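Me: Please take a close look at the strands and how they pair. Keep it brisk.

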Amino acid sequence: KEIMKIVELHRSDFIKAWDEYFKKAWIYIKDVAIGKNKLFIELYPKKIIEVPFNYTPKLKKATKEELENYKIIGGGIGIHFKDLDEDISVDGLIRDF
């Protein structure tokens with residue numbers, strides 16, 4: 001019962017803190033565009049990362065058709081390039097760019 005009283009007393013503060021945490025923590029891949037020599041990866045919220053094809057050996061050797069055969073996976077946690085058997089994670093992008 002004591003815990004429920006504390007939760008009810010601070011409910012709005014808890015909800016506000018939780019929302020702020022997820023706004024900072026929840027970053028995902030929203031879209032991908034293929035340029036002449038790099039990928040343009042749009043992250044939510046409001047950030048575009050430019051990833052050169054030489055980021056990985058498989059991307060560097062890929063044809064345009066192979067690059068175009070991608071799928072955003074896991075609700076935006078990564079990109080899978082089917083023809084290349086290559087995955088790029090949002091965590092790796094944030095770390096490296």
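Reply: Start with the open sheet S4-S5-S6, where 3 strands pair in the antiparallel sense. Strands here are DSSP runs (E, at least two residues; helices are H or I, at least four), numbered from the N terminus. Two strands pair if DSSP finds at least two bridges between them. The edges are S4 (70–73) and S6 (86–89), each pairing on one side only. From one strand to the next, the twist averages 20°. For such angles, axes are lines fitted to C-alpha atoms, for helices over the stretch in contact, and angles run from 0 to 180 degrees between N-to-C directions.

This is a predicted model: local features need pLDDT of at least 70, side-chain atom pairs count only at pLDDT 80 or more, and totals for chains, interfaces and linings use all residues. Residues are numbered from 1 along each chain as its sequence is written, and side-chain values use heavy atoms, with hydrogens and water left out.

Back to the sheet. S5 (residues 78–81) joins S6 through 4 bridges, antiparallel. Gly 78 has Ser 89 in S6 as its bridge partner.

Now the other open sheet. Its 3 strands follow the order S1-S2-S3, again with antiparallel pairing. S1 (28–34) and S3 are the edge strands; each pairs on one side only. Here the twist averages 25° from one strand to the next.

Within it, S2 (residues 38–44) and S3 (residues 47–52) run antiparallel, joined by 6 bridges. Leu 39 is bridged to Val 51 of S3. S2 and S3 make a hairpin, with 2 residues between them. In that turn, Lys 46 has a positive phi of about 50°.
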